[in-house]
Amino acid sequence: MAYAKRLNRLGTETAFEVLARAQALEAQGKEVIHLEIGEPDFDTPKYIRTAAAEAIEAGFTHYGPSAGLPEFRRLIAEQWNKERGIPCDADNVVVTPGAKPIMFFAMLALIEAGDEVLYPSPGFPIYESVANFLDARTIPLVLREQNGFDLDIRDLESKLTSRTRMLVLNSPHNPTGAVMKPETVEAIAALARKHDFWILADEIYARIQYEGRHLSIASLPGMAERTIVLDGFSKTYAMTGWRLGFGIMEKQLARHVARLMTNSNSCTATFVQKAGHAALAGGQSEVKAMVEEFRVRRDLIVEGLNRLPGVTCFKPSGAFYAFPNITGTGIKSAELAKLMLEEAGVACLSGTAFGAAGEGYLRFSYANSAENIGKALNWMGEFLAVRAR
Ligand code: PLP
């Protein structure tokens with residue numbers, strides 16, 4: 001049987017493959033500490049679970065509007081306007097099953113074959129995957145450790161052409177945990193206005209930031225009409241499995257994206273949207289406590305990684321990832337990630353899972369208990385000490 005050629009251009013996320021390999025080792029009786037998957041290890045807060053159960057009982061089990069429940073869209077618009085200064089109302093918001101569909105739909109709605117799409121590298125692999133799928137020209141922008149993994153404005157400027165259509169931003173950033181400097185955000189906005197391109201601003205980790213305040217590029221003058229803000233509930237409210245996200249964008253584009261929803265999912269599960277509504281309307285003390293706990297673990301893992309032979313680690317300001325430089329071990333990233341799993345019992349990702357620019361790094365998700373992080377650091381330390389002899 002023949003498959004469409006475009007499938008050859010579609011990438012994937014390797015975190016799930018590493019998880020499967022780790023689980024296979026566990027099935028053989030080996031102990032593995034999971035630092036590979038990017039999801040909070042906390043349970044979804046009780047008040048959110050209760051709201052979902054109540055919504056099911058109240059009959060929110062039918063189709064709803066493709067763009068999302070009107071009162072939910074209104075609440076999102078109000079909060080994102082107040083918190084992030086994004087000029088918007090309910091008509092700017094489209095609710096989707098998870099935040100990922102916003103990447104797909106925004107690119108489907110805006111990218112023609114041959115258009116140029118720029119994105120951070122290392123970076124979340126789905127940006128490049130979807131752009132390639134749509135036959136765009138994919139242009140990685142290398143984030144350098146010596147620049148705090150911030151975007152290099154001169155590099156960006158040198159890569160702009162008449163075909164530049166979209167720039168993807170992600171702050172706080174997966175996989176490095178870096179937060180873009182406000183002056184970088186301002187400089188990018190100036191370039192976007194001058195050269196007239198779209199911004200896809202992936203702000204899914206915006207509420208998991210330890211230092212400084214999150215600056216949304218959509219809040220800057222003239223930017224709301226050319227920015228799609230991608231956000232959701234997976235990370236902030238530990239709701240990865242619920243599949244709930246949204247985009248904020250100009251109204252005409254929102255109508256097109258809603259039509260893409262009609263053509264694909266019809267709508268996002270209505271009781272899940274009710275749970276999301278409760279999440280936003282309720283007290284945020286559990287989110288604050290989770291972020292505080294992540295901060296403690298960040299300090300623990302960064303300090304521990306810096307003590308490992310051949311390893312140095314940048315201190316990230318957001319998300320829940322550490323991205324240590326492992327070039328001092330003399331081992332390539334993919335090989336070291338494999339050895340860490342098989343020899344040290346620690347599941348992590350090769351930096352190259354986030355693009356070629358990730359060579360020389362590993363990614364650890366510290367969404368695991370402080371006790372397990374401590375154990376993982378010990379095991380990796382022992383393994384590297386033996387290798388160094
Ligand atoms: N954007 C980034 C940078 C992510 O790391 C992730 C999840 O890992 C997503 C988007 C997708 O979020 P969701 O699970 O809500 O689709």
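This is a short tour of the structure, stop by stop, with something to select at each one.

Before you start, know that this is a predicted model, in which local features need pLDDT of at least 70, side-chain atom pairs count only at pLDDT 80 or more, and totals for chains, interfaces and linings use all residues. Residues are numbered from 1 along each chain as its sequence is written, and side-chain values use heavy atoms, with hydrogens and water left out.

**Stop 1: the ligand**

A residue is near a molecule if one of its heavy atoms lies within 4 Å of it. There are 14 residues around the ligand, and D202, Y205, S234, K235 and R243 come nearest. By class, this shell holds six nonpolar, four polar and four charged residues. Here Ala, Val, Leu, Ile, Met, Phe, Trp, Tyr, Cys and Pro count as nonpolar, Asp, Glu, Lys and Arg as charged, and the others, Gly among them, as polar.

Now pick out Y205: a polar atom of its side chain is 2.7 Å from an oxygen atom of the ligand. Move on to A99, where a polar backbone atom lies 2.9 Å from a ligand oxygen. At K100, a backbone N or O atom is 3.0 Å from an oxygen atom of the ligand. Taken on its own, the ligand has 390 Å² of accessible area, and the protein covers 93% of it (Shrake-Rupley method, 1.4 Å probe).

**Stop 2: the largest cavity**

Next, select S171, M180, V185, H214 and L215, which lie nearest the centre of the largest cavity, among its 14 lining residues. A cavity is a set of points, on a 1 Å grid over the protein atoms alone, where a 1.4 Å probe fits but cannot get out, and lining residues have an atom within 4 Å of a point. This cavity holds about 110 Å³ of space; grid points are joined across faces, edges and corners, and a volume is the space filled by probe spheres set on the points. Colour β5 (164-170) and β6 (198-202) too, the elements that give two or more residues to this lining. Strands are DSSP runs of E with at least two residues, helices are runs of H or I with at least four, and both are numbered from the N terminus. The lining is made up of seven nonpolar, four polar and three charged residues.

**Stop 3: the second largest cavity**

For the second largest cavity, select its lining residues, including P120, L143, F149, L169 and M180. Its volume is about 70 Å³. Eight nonpolar, two polar and one charged residue line the second largest cavity.

**Stop 4: the loops**

Zoom in on the loop between β5 and α7 (182-195), where P172 sits. The peptide bond joining S171 and P172 is cis, with omega about -10°. P175 is in the loop between β5 and α7 as well, and the bond from N174 to P175 is cis, with omega near 15°. Most peptide bonds are trans.

Go on to D196, in the loop between α7 and β6. Its phi is near 55°, a positive value in a residue other than glycine. D196 is exposed, because its relative accessible area is 55% (exposed means over 50%, buried under 20%, partly exposed in between; 1.4 Å probe, protein chains only).

Finish at S216, in the loop between β6 and β7 (227-232). S216 counts as buried because its relative accessibility is 1%. Show its side chain together with that of E203: a polar contact of 2.8 Å joins them. A polar contact is a pair of N or O atoms within 3.5 Å; within protein, one must be able to donate a hydrogen and the other to accept it, and residues adjacent in sequence count only if both atoms are side-chain atoms.

Definitions and conventions
1 Å grid on protein atoms, 1.4 Å probe; cavity = no way out; pocket = protein on both sides within 12 Å on 5 of 7 lines; lining within 4 Å.
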